[in-house]
Structure formats: C-alpha cells, structure tokens
Amino acid sequence: MRRALTAVLGAGALLLAMLVTVALPASAAPGTLKEAAAATGRVFGAAAAQAHMGESAYVSTLDREFNQLTPENEMKWDTTEPSRNSFNFGPADQLVSHAQAQGMKIRGHTLVWHQQLPGWAGGISSRDDLLSAMRNHIAKEAGHFAGKVAYWDVVNEAFQDGGSGARRDSVFQRVIGDGYIEEAFRAARAADPTAKLCYNDYNIDGQNAKSNAVYTMVKDFKARGVPIDCVGLQAHLTLGNVPADMQANMQRFAALGVDVHITELDIRMSTPADASKLATQANDYKKVVSACLAVSRCTVITVWGITDKYSWIPDVFPGEGAALLFDNNYAKKPAYDASLQALGGQDPGDPGDPGDPGTVTCTYTRTAQWNTGFNGQVTITAGATAIGSWTVVMTMGSGQQITTLWNGNATTTGNVVTVRPVAWNGNLAPGASASFGFSVNASNGNLADPAISCGSP
Ligand code: G3I
C-alpha cells in the first residue's frame, strides 16, 4: 500500500493518528469514490458529455468512480426542444441508458435556464405564451424522463451575482415575473412526482447576499407548499477559496427541510498546475467533502466533469483550468486522494499514478504557547516505501501568521502554507521520520491549531 494522506488536527493527536492508521487497514476501506460515498449514504457523481462516450478511458473512469451522472449539456432546452414542441431526447437518452446499465443515478440538468435556450423561446414576449411554452417544455421533458431521473435542477441560476440579492434579468423574469420559478416547480412535480426537485445556482456556496436571497425563496416555498426538495450549490470554486462558512450555509438550508447537493464542483487554478497548487487543491476538495459529510442532508457530491482534458473552464476563464480530480491523462490527482480519504476511503494504489501521495503520515504537536501565539512541530514519517520528498499543507486560522519556520521550506498563498524539505530531510527510509517546527503569531488571540495534511512528493 503506497498511499496515505493523514490529516491530523490538534495537539496531542499522535496517539489518535496511530490508532486510526492501525484501525483502518487500507485494504478494508472502500477504494473508489462511489463506494466510499455509498458507505456514508451519499452518491458521488460527475457531469458527462455524450460526445466523449466513445473514449474508453473516459467511460472506464466514469464507470469505476461515479454512481451518479449529470448530462453536461444534453438535457438543456436548446438540445431537447430546438423548435417549438418538437423534441429531441436522443443524446440524453443515450447517457441515461448508460447510467442505468451501470446502476448510476441520473441528475436532470436543467429544465429552465436563461442560457442554452433556443431562440424561439428567448423571443417570446407575451406572458401567457411564455408560461405556456415553459409548462409544455417541462411537462414533455420531465415526463419523458419520469421514473429515470432521481433529481431535477428545475430552475438554474435565477439570481443575479453580486450583492443585490435580486433576480437575474432573464426573459422568464421579464416576461412572466417572479412567479415563474414556482410555476416551474409545480409543472415539474406534476410531470414527475418521484424526482427530487432542486433549485441550482453558483456563488451560493457560502453565506452571502445571493445565497441569502435563495434561502429566503426556499423558506417562502416551503411555507406556501411550493414543491421543492433540494438546493444545488454548484461550487465552481477557485484555488484556496473554499468558503469558510460552506458547512454552516448547507446546514441552514437543511434546516428549512430541503436536501443540499453539491452539483457542479470544480476548483480551478492558473495553469499549468504544479505540486504546490495541486496540494492546495487537494486540501480544498477535502474541505468541501468534509463540509458535506458534516451535514446529514448533504446527500450528493457531483463534480463538473471527469478529466481536466475536457472542461468548460479554459473557454470561459482563459489561462485557468486543472480543476477536476483526474488530469489530462486520467491519472488521479492529489485532489482525488484527498476526496477519497475524506470520504473514509483508501486507494489501493497503482504504481505510476502521479497523484499518489506515497505512504506518508504526519503528526502535529504544539510545543509552546503564549497569549498571542504558539509553536508547533510537524513530524513526517515514511511508510513501507522509501520517499524522496514530502509536502505538508497547513491551513492557518484567521489572524494567524507564521513568523519563523525551521527545517522546512515554506511558501504561502493566503492562509495556506505549503512546506517542503530542506536539503537534508527529504529522503526518508521506510519508517524513518523528519520534523520541522514553526512559530505562529496571532495578535487576535486565535490559538486554534492549523489543519494539516501531508503527502509525498
Ligand atoms: O456542440 C457545439 C459544437 O457543435 C460546436 O462546434 C462548438 C463550437 O463552440 O460548440 C459546441 O457547443 C458548446 C457546448 O458547450 C458543448 O460543448 C457551446 O459552444 C458551449 O457554450 C457549451 O458550454 C457549456 C456551458 O455550460 C454553456 O453555458 C459547457 O459545456 C457546460 O459545461 C456549461 O455548464 C454550466 C452548467 O450548465 C450550469 N452552471 C455553470 C456550468 C459551467 O458554465
């Protein structure tokens, strides 16, 4: 077993870390994302595109790792109803058949959205006409897939970005008015009484004006009996910026009586990727997965694509990408290992996998403390295989700064500090250890221990 990425929180956790390592032999833990998620009562999905289903590595990765499939574009209005009342479910049907044959759940995406909307629908200017077209679209599409789709993103991205908390100025909002969203949910329930009906949006992952507006809408829907079952947090995130209050945000939606789904997760970086960015990304994925696991009504985690080879990001954000769990060659990235381990899984390991962090465990000890700071020490221990290098990623608490660090080389991005060996302590024989130490200044008195993860290289 070459793989271990151990996160250790808090001083005095050495014994706990040893117990966890001993108590969970890797061979006993689930070895894929879908198995590990299933063991927690959740599904782990991916968006997939019919255009790539002829590529064997694409399909084998999808089938091996994921138990929920979201058609990336094939269920959108411009594909399914390109001219009025003339329907084309062919590409989506193919993906649905594949998913069913593999025992995957299907997420329908999406019934009402201002993008990928055919010109004929976008051009309707009469309220009754657009309402009737929207109801017909939902009746036919959700009706066609009834019994096959587990979750529908009924309405997508209906709120403006930024601080206004206002509705987006779409044709639906302009022509039908505020009521269009609940009309869409009622039509979806009528067409498919068994699918869970979700509202889905981006930049509502943490608590902010936009998520507050969605929260107010969901609360109102629940109070008035408008059929809504779930909220989708898309989670198109940027490196090092997982909202600190993501778990609290999910919890407040759950408290309204709806499930919470992470529907389009990806964490983009400036390209090309390097080891430091990939380590930060791994830590970010771990935070998202852990936040979901902490909320019992967070039942779905779906990534927006399978491989960095195919992603919407470089088209929309030139110079950015590498946001997913598998690289361009379908090799597992550190973010894969971090996600799997956060779910309680353990990769059985495959030689040559560049995402393999090697067999490394790390422990953290607080060695001194005072009113406005503390000293810490991290010890990295090789497993059964010798290693030539190691990486430790520490996420510091608010107001904390590392003033000195010894026996390691640190680079800092925001509150994330990545530490690598100095010249003499990177090579570790099997079972051998190296340590580095550091001093933290926290003038605000925040003496919380950093979150720490480690790997090799
Ligand atoms: O299929 C045509 C192809 O025939 C043509 O040659 C090519 C030329 O550009 O375009 C192809 O269509 C593209 C389509 O993806 C399929 O690849 C569109 O141009 C392109 O705009 C479209 O992008 C999709 C985007 O939604 C549209 O807004 C992305 O694949 C898809 O990942 C993205 O997904 C959205 C979610 O639905 C909602 N949340 C945000 C997320 C990311 O933007």
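This is a predicted model: local features need pLDDT of at least 70, side-chain atom pairs count only at pLDDT 80 or more; totals for chains, interfaces and linings use all residues.
Trainee: What makes Asp229 and Arg189 a salt bridge?

Mentor: The cut-off is a side-chain nitrogen of Lys or Arg within 4 Å of a carboxyl oxygen of Asp or Glu. The closest N and O atoms of Asp229 and Arg189 are 2.9 Å apart, so the pair qualifies as a salt bridge. A search of the whole structure finds 19 salt bridges.

Trainee: Which parts of the chain does the pair of Asp229 and Arg189 tie together?

Mentor: Asp229 sits in the loop between α10 (209-224) and β6 (230-233), while Arg189 belongs to helix α9 (residues 180-191), so the bridge ties together parts that are 40 residues apart in sequence.

Trainee: Why is Asp229 called buried, and why is Arg189 called partly exposed?

Mentor: Buried means under 20% relative accessible area, and exposed means over 50%. Asp229 has 19%, so the word buried applies to it. Arg189 has 25%, which lies in between, and therefore the term is partly exposed.

Trainee: Where do Arg366 and Asp449 lie?

Mentor: Arg366 forms a salt bridge with Asp449, with the closest N and O atoms 2.7 Å apart. Arg366 is in strand β11 (residues 360-370) and Asp449 in the loop between β17 (433-442) and β18 (451-455), so the pair ties together parts 83 residues apart in sequence. Asp449 is partly exposed, with a relative accessible area of 22%.

Trainee: Which residues are linked in a network of salt bridges?

Mentor: Glu182, Arg186, Asp220 and Arg224 are linked in that way.

Trainee: How do you know that β15 and β16 pair?

Mentor: Pairing needs at least two bridges between the strands. Strand β15 (residues 409-413) and strand β16 (residues 416-420) are joined by 5 bridges and run antiparallel, so they count as paired. Ala410 stands opposite Val419 in β16. The hairpin of β15 and β16 has 2 residues between the strands, and Gly414 takes a positive phi near 60 degrees.

Trainee: Why are β11 and β14 said to stand at the edges of their sheet?

Mentor: That open sheet has 4 strands in the order β11-β12-β17-β14, with antiparallel pairing. β11 and β14 (400-406) each have a single partner strand, so one side of each is left without a neighbour in the sheet. Neighbouring strands of this sheet are turned by 25 degrees against each other on average, direction ignored.

Trainee: What makes β12 and β17 partners?

Mentor: Strand β12 (residues 373-382) is joined to β17 by 9 bridges, and the two run antiparallel. The requirement is at least two bridges, so this pair meets it. Ile380 stands opposite Ala434 in β17.

Trainee: What makes a space a cavity rather than a pocket?

Mentor: In a cavity a 1.4 Å probe fits but cannot get out, whereas a pocket is an open set. The structure holds 2 cavities of 30 Å³ or more. The largest has a volume of about 40 Å³, and its lining includes Trp113, His114, Glu157 and Tyr180. That lining divides into 6 nonpolar, 3 polar and 1 charged residues.

Trainee: Which strand gives the most to the lining of the second largest cavity?

Mentor: Strand β3 (residues 105-112) does, with 3 residues. The second largest cavity holds about 30 Å³ of space, and among the residues lining it are Lys76, Trp77 and Gln116.

Trainee: Which residues are closest to the centre of the second largest pocket?

Mentor: That pocket holds about 510 Å³ of space. Of its 26 lining residues, Glu157, Gln234, His236, Glu264 and Trp312 are the closest to the centre. β7 (236-238) and β8 each supply at least two lining residues, and β7 gives the most, with 3 residues. By class, the pocket lining has 8 nonpolar, 11 polar and 7 charged residues.

Technical notes: Residues are numbered from 1 along each chain as its sequence is written. Side-chain values use heavy atoms; hydrogens and water are left out. Buried means under 20% relative accessible area, exposed over 50%, partly exposed in between (1.4 Å probe, protein chains only). On a 1 Å grid over the protein atoms alone, a cavity is a set of points where a 1.4 Å probe fits but cannot get out, and a pocket is an open set with protein on both sides within 12 Å along at least five of seven lines; lining residues have an atom within 4 Å of a point. Grid points are joined across faces, edges and corners, and a volume is the space filled by probe spheres set on the points. Ala, Val, Leu, Ile, Met, Phe, Trp, Tyr, Cys and Pro count as nonpolar, Asp, Glu, Lys and Arg as charged, and the others, Gly among them, as polar. Axes are lines fitted to C-alpha atoms, for helices over the stretch in contact, and angles run from 0 to 180 degrees between N-to-C directions.
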